[in-house]
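Please read this briefing with the sequence and the 3D view side by side.

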Amino acid sequence: MHFAGLQKNSTLDFPGNFACVIFFAGCNYDCYYCHNRHLLGKNAPTVDEAEVMAFLNKRKGLIDGVVLSGGEPTLQKELIPFAGKLREMGYKIKIDSNGSKPDVLFKMAEKGLIDYAAIDYKAPFGMYEEICKHSAENVRESIALLENFGIDYEMRTTMIPEIREEQLIQMASEMPVLLHYYLQLYRPPVPELVRDGFPLYTPGDIRSLAEKIRYLQPNTSARV
C-alpha cells in the first residue's frame, strides 16, 4: 500500500465523528482541479506504514473513526485487509471515493467495513471524459450498492465553473434520489486553475443552485 499522508485530527471529514484521515497515492481520474494532485504522480509523498499503525494503536479509544481518502483508495490492493485491521482496532470507517470501483466497495460492504461513504459526482455522465479523462461507468452502481447495504453516504459535486445550471439539472436527473447530496464551493489552489470564460461561483451562487435542484434531489445542501 502506498500511504501518502496522515491528518491526525479532523472534526469535519467524518460526520458526527472525531477522526483521522489517511491519504493514499494514485488515482484513475485526471481532474484538472484536483486539490490533491501531488498525491497522483510518481513523486507522491510516502508515509511509512509502521508510523501509521503506531499512531492508530496509540489513538485507540481517543478518536472515533478513520477516513480512507486519496487519491483513490479503492485502487490499493491491500485496502480491504487494512480496513479489517481498523475494524479489529475498534474504529469506524469512512471511505472517500470517485465511485469507479463498485467491486471493491461491494467487498468492503459485504464484510461490514464501511460506516459512511462519500462519493464524488464530477459532472453529467456525458462530460466525464472531458472533465476526468475517465468514463462515468460504475458511479451509479456504487451508489446503488451503498443503498442496498443500508450504508449512510453522501454524494458531492465540486462546482467547477464548467458545470452551469443546465448541466447541474441534468446531473440531478441522472441519479435516483440521493440520501445526501452536497454542492461544494470550488476554491482554485492556484490562479492558473481558473479557466477563461467561466466565472467562479460564489457561496451565494451555490446556495441558490442547491435550492433550484431540490425538486429533483430534495436532500441537496450547499457546502461552502
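This is a predicted model: local features need pLDDT of at least 70, side-chain atom pairs count only at pLDDT 80 or more; totals for chains, interfaces and linings use all residues.

**Overall picture**

Residues are numbered from 1 along each chain as its sequence is written, and side-chain values use heavy atoms, with hydrogens and water left out.

**Fold and dimensions**

- The protein has seven helices and eight strands, which are DSSP runs (helices H or I of at least four residues, strands E of at least two) numbered from the N terminus.
- The radius of gyration is 17 Å, close to the 17 Å from the globule rule for 224 residues, so the protein is as compact as a globular protein of that length; the radius is taken over C-alpha atoms, and the rule is 2.2 Å times the number of residues to the power 0.38.
- The C-alpha trace spans about 50 × 40 × 30 Å along its principal axes.

**Burial**

- Of the 224 residues, 50% count as buried, a term that means under 20% relative accessible area, with exposed meaning over 50% and partly exposed in between (1.4 Å probe, protein chains only).

**Helix α3**

- In α3, which runs over residues 102-110, the residues Pro102, Val104, Leu105, Met108 and Ala109 are buried.
- These residues cover an arc of only 155° around the axis, which puts them on the same side of α3; the arc is that of the directions from the helix axis to the C-beta atoms.
- The cover over the buried residues of α3 includes β3 (65-69), α2 (79-88), β4 (92-97), β5 (116-120) and α5 (139-149).
- Just after α3, Gly112 takes a positive phi of about 70°.

- Ile206, Leu209 and Ala210 are buried in α7.
- Seen down the axis of α7, its buried residues fall within an arc of 105°, so they line one face of the helix.
- An α-helix has 3.6 residues a turn, so residues three or four places apart point the same way.
- Among the elements that cover the buried residues of α7 are β6 (152-159), α6 (165-174), β7 (181-185) and β8.
- Tyr215 sits in the loop between α7 (203-212) and β8 (220-223), and Tyr215 counts as exposed at 60% relative accessibility.
- From C-alpha to C-alpha, Tyr215 and Pro15 are 25 Å apart in space, and they are 200 residues apart in sequence.

Note on methods: Contact means heavy atoms within 4.5 Å.
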